[in-house]
Structures are given as structure tokens and as C-alpha cells.
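Visitor: Could you take me closely through one part of this model, the aromatic side chains and how they pair? I would like a single connected account.

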Amino acid sequence: ATGSTASVQRNTNGTQYGHVAWAKFVPGKVYKLSVSATGGAKFNFEIHNPSTYATLFSSGNLSDGQTVEFTWPNGDYVVPIATSGTNVSSSSLKISLTRK
């Protein structure tokens with residue numbers, strides 16, 4: 001069960017998703033990010049410059065059923081941020097990221 005304070009999990013360890021040679025993100029292409037969430041969970045997707053860590057894109061906190069389309073910037077340091085719901089028995093996230 002969750003308490004009255006949300007738990008936040010942020011992956012900033014440098015294991016970017018761009019390391020997969022056959023599925024590289026393409027700067028200038030449009031992508032669609034979709035979130036399915038239960039228990040009030042939220043998801044924020046950030047893309048940073050790998051050298052300066054400047055934020056190039058942030059989806060903001062997306063809740064269940066929300067989507068955002070964006071043009072991939074010239075950066076591949078991806079930081080997924082998952083936030084739990086509060087005062088619920090559990091919360092979960094399912095994320096979909098597709099190129100249009």
C-alpha cells in the first residue's frame with residue numbers, strides 16, 4: 001500500500017535507450033508517448049543533452065489515458081520518471097513510445 005506521500009523513481013544512471021543500434025531514436029521525427037496508469041500513477045519522460053544534461057524535452061506528468069506527440073530533439077539521454085499514486089493499495093504504469 002502507498003502512503004500519503006508519492007514515491008518517485010527516476011532512472012538517471014546513463015543506460016540510455018539509444019544504445020540499441022536497430023532502434024535508434026531519430027532527431028526531427030515525431031513520436032507518440034502514451035500512458036496507461038492505475039492507482040493515480042503518473043509518468044514523465046525527459047530527454048537531455050548527454051554532455052550538458054540540459055533538458056531538451058519533458059512530457060510533464062502524464063496520467064492514465066494521456067498522450068503527447070513531440071519531435072525528438074538532438075539528444076539521447078532519456079530519463080523516465082515514474083510517480084506512484086497515494087493512499088491506494090497499488091499503482092502501476094504501462095508506457096508506449098512509437099514513431100509516427
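Guide: The model is a predicted one, and ten aromatic pairs are counted in it. One of them joins Phe 45 and Trp 72 in an edge-to-face arrangement, with 6.1 Å from centre to centre and 65 degrees between the planes; an angle over 60 degrees is what places a pair in that class. This pair links distant parts of the chain, since Phe 45 sits in strand β3 (residues 42-48) while Trp 72 belongs to the loop between β5 (67-71) and β6 (77-83), 27 residues apart. Phe 45 has a relative accessibility of 5% and therefore counts as buried, and Trp 72, at 2%, likewise counts as buried, because the cut-off for that word is under 20% relative accessible area.

A second pair, formed by Phe 57 and Phe 70, is stacked, its centres being 4.1 Å apart and its planes 15 degrees apart. Because Phe 57 lies in strand β4 (residues 55-58) and Phe 70 in strand β5, this pair ties together parts that are 13 residues apart in sequence, and both of these phenylalanines are buried.

At 37% relative accessibility, Tyr 53 counts as partly exposed.

Methods: Residues are numbered from 1 along each chain as its sequence is written. This is a predicted model: local features need pLDDT of at least 70, side-chain atom pairs count only at pLDDT 80 or more; totals for chains, interfaces and linings use all residues. Side-chain values use heavy atoms; hydrogens and water are left out. Rings of Phe, Tyr and Trp (its six-membered ring) pair if their centres lie within 6.5 Å; planes under 30 degrees apart count as stacked, over 60 as edge-to-face and the rest as tilted. Helices (H or I, at least four residues) and strands (E, at least two) are DSSP runs, numbered from the N terminus. Buried means under 20% relative accessible area, exposed over 50%, partly exposed in between (1.4 Å probe, protein chains only).
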